[in-house]
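Good morning. I have one structure to go through today, and I will keep to what can be read from the coordinates. Please have the picture in view while I talk.

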Number of protein chains: 2
Amino acid sequence: MSEGGATIGIDLGGTRMRVGRRDGRGGLIAERALSPAGAEEGVAQLVALARRIAPEGVARVGVSAAGPLDFATGVIVPLNMPGWHHYPLVAELSRQLDAAVVMDNDANVAALGEWREGAGRGTRTMVYYTVSTGVGSGVILEGRIHHGAHDTEGGHQVVWPNGPVCGCGNRGCLEAVVSGTGIRNRTGKRGEEIDDPAFWDEIAFYLAVGVANTANLLCPEAIILGGGITARGDQLFVPLREKAAGMIRILPVPRIEPSGLGQDSGLVGALVLAETSAEC
Amino acid sequence: MSEGGATIGIDLGGTRMRVGRRDGRGGLIAERALSPAGAEEGVAQLVALARRIAPEGVARVGVSAAGPLDFATGVIVPLNMPGWHHYPLVAELSRQLDAAVVMDNDANVAALGEWREGAGRGTRTMVYYTVSTGVGSGVILEGRIHHGAHDTEGGHQVVWPNGPVCGCGNRGCLEAVVSGTGIRNRTGKRGEEIDDPAFWDEIAFYLAVGVANTANLLCPEAIILGGGITARGDQLFVPLREKAAGMIRILPVPRIEPSGLGQDSGLVGALVLAETSAEC
């Protein structure tokens, strides 16, 4: 391992991948590429990008990867990337870069980024949801990702018992109701195509159920929501906060905020993951 | 403080109070009394019981108290005990017994007891529900009660959106649907009076929603359920496990078990609370 080498972050998504590092002035230097269909070509590109932004060598790498993934083996099985299935991503990056590599799934890593440098700064208990094609969640307790026995999957809590069928096989998961896929399955349209206020009021209602459940089960100081579906901003967050406050009656209502880092939450989180794992 | 004195546990409920200690052979020695209406008389009795079971003096006390309570000040506001409202229980016990006193609410303390010596032994993440007059919850992470920003209130997660009105003012909380109070409000009967299998199937269904949400948000190895409503045993747990397994599709299904300590979970938990706080 290149002692004295750089700490870099990798955000590996289904369509794009980014490699970044700190610029020493509170900002990021990042390179990006389209994610190749095959894992070997992809890792070759990631390694090339890493060497370009860290010519002095790489000591530590944090990786945000689309799930599912196996924390013990560092093997990934990203749902929409068949050419990467069962690829030993951690082992290959570690070997080719001669670096210490830590990996977690995209929602967990984005949560860590939001906790340290985004909308969740200063909290001890924080939950992040990404509401996008699916719904992912990350739970941060005292600055660490909480996995429990395996991992959290807040997108598969039930917010509508006996409701719409979810990709997981259950009915009425948060993901089946409010995600891009859920919206398309329920309405035949993409979220961007829908302007009916009653529809968005319904989305805010079911998100509020998810937020209320999260508040009651974990009592976080903040619940942060990112991802494409949350891009409506106040049109979503104003009714969401109002409805959630109506459902959380025993406990203080947590802050309910949009992502502070937006598209950078994964890359920043990957850097924080590498930095905090080095602290151990 | 009596160094070398005994460690005792106090379980203070709305109708009964118990004071106990270990007997050195894996069992408990306990004294009980009816909870007096007034706090001063109650504490005098608790102190007398403590001195009777610990004639050598008391060094440490763990208290399980009906909530709500204020963790910072040790003041309690038990819902059904108006004569104890705003009483500085921790300060008074500490002064009168010359002992270190730690207190937490009944569901959290019972959770700790179940984790250490009951049905949750060996877990790193565990959640306990008491399904009784109300529904309380306790979350144990790495052997400690998780309070988050204030405390967890899993009984007030929403399992039936727009469902029955809850005592908290919200609709469709787990407590409003499956607790003794909820059952009475919904049916006009006490749970013990209802034999209709369809009714208990519905209770199992909504408990399963709560269990599935807990699994997805915290990913515990075990979810333990105690309290009077769970006394039906297999009649409740068999359909509950089946329905929960149908709703938890992405993650491993946690163990779903009845309380291992039953009526003793609070007293054992109070002892564990005192013992583990002494380890810090």
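This is a predicted model: local features need pLDDT of at least 70, side-chain atom pairs count only at pLDDT 80 or more; totals for chains, interfaces and linings use all residues.

First, the two chains. Chain A can be superposed on chain B by a rotation of 180° with 0.0 Å of shift along the axis, and the RMSD is 0.0 Å. The two copies are thus related as by a two-fold rotation axis.

Next, the interface. How many residues of chain A are in contact with chain B? There are 36 residues of chain A in contact with 36 residues of chain B. Two elements of chain A give two or more residues each to this side, namely α6 (197–218) and α7 (234–247). The largest share, seven residues, comes from α6(A). By type, the residues on the chain A side divide into 18 nonpolar, 14 polar and four charged. As for whether the copies use the same surface, 100% of the interface residues of chain A are also interface residues in chain B, so the copies do meet through the same surface.

Now look at α6 in both chains. Two packed helices are described by the angle between their axes and the distance between the axes. Here the axes of α6(A) and α6(B) come within 11 Å and cross at roughly 75°. An angle of 65 to 115 degrees counts as roughly perpendicular, and α6(A) and α6(B) are therefore roughly perpendicular to each other. Which residues meet there? From α6(A) they are Asn213(A), Thr214(A), Leu217(A) and Leu218(A), and from α6(B) they are Asn213(B), Thr214(B), Leu217(B) and Leu218(B). This contact divides into four nonpolar residues, four polar and no charged.

Glu142(A) is a residue other than glycine with a positive phi, near 55°. Glu142(A) sits in the loop between β9 (135–141) and β10 (144–145) of chain A. Is Glu142(A) buried or exposed? It is exposed, with 10 other C-beta atoms within 10 Å. In chain B, Asn162(B) has a positive phi near 60°. The loop holding Asn162(B) runs between β10 (144–145) and α4 (174–178) of chain B. Asn162(B) counts as exposed too, with 9 C-beta neighbours inside 10 Å.

Last, the cis peptide bonds. In chain A, the bond from Gly67(A) to Pro68(A) is cis, with omega near -5°. Pro68(A) lies in the loop between β4 (58–65) and β5 (69–70). In chain B, the bond from Gly67(B) to Pro68(B) is cis, also with omega near -5°, and Pro68(B) is in the loop between β4 (58–65) and β5 (69–70) of that chain.

How values were computed
Residues are numbered from 1 along each chain as its sequence is written. Chains are lettered from A and ligands numbered from 1 in the order in which they are written. Helices (H or I, at least four residues) and strands (E, at least two) are DSSP runs, numbered from the N terminus. A residue is buried if 20 or more other C-beta atoms lie within 10 Å of its own, exposed if 12 or fewer, and partly exposed in between; C-beta atoms are placed from the backbone. Copies are superposed by least squares on the C-alpha atoms of residues with pLDDT of at least 70 in both. Two residues are in contact if their C-beta atoms, placed from the backbone, lie within 7 Å. Ala, Val, Leu, Ile, Met, Phe, Trp, Tyr, Cys and Pro count as nonpolar, Asp, Glu, Lys and Arg as charged, and the others, Gly among them, as polar. Axes are lines fitted to C-alpha atoms, for helices over the stretch in contact, and angles run from 0 to 180 degrees between N-to-C directions. Angles under 35 degrees count as roughly parallel, over 145 as roughly antiparallel, 65 to 115 as roughly perpendicular and the rest as oblique.
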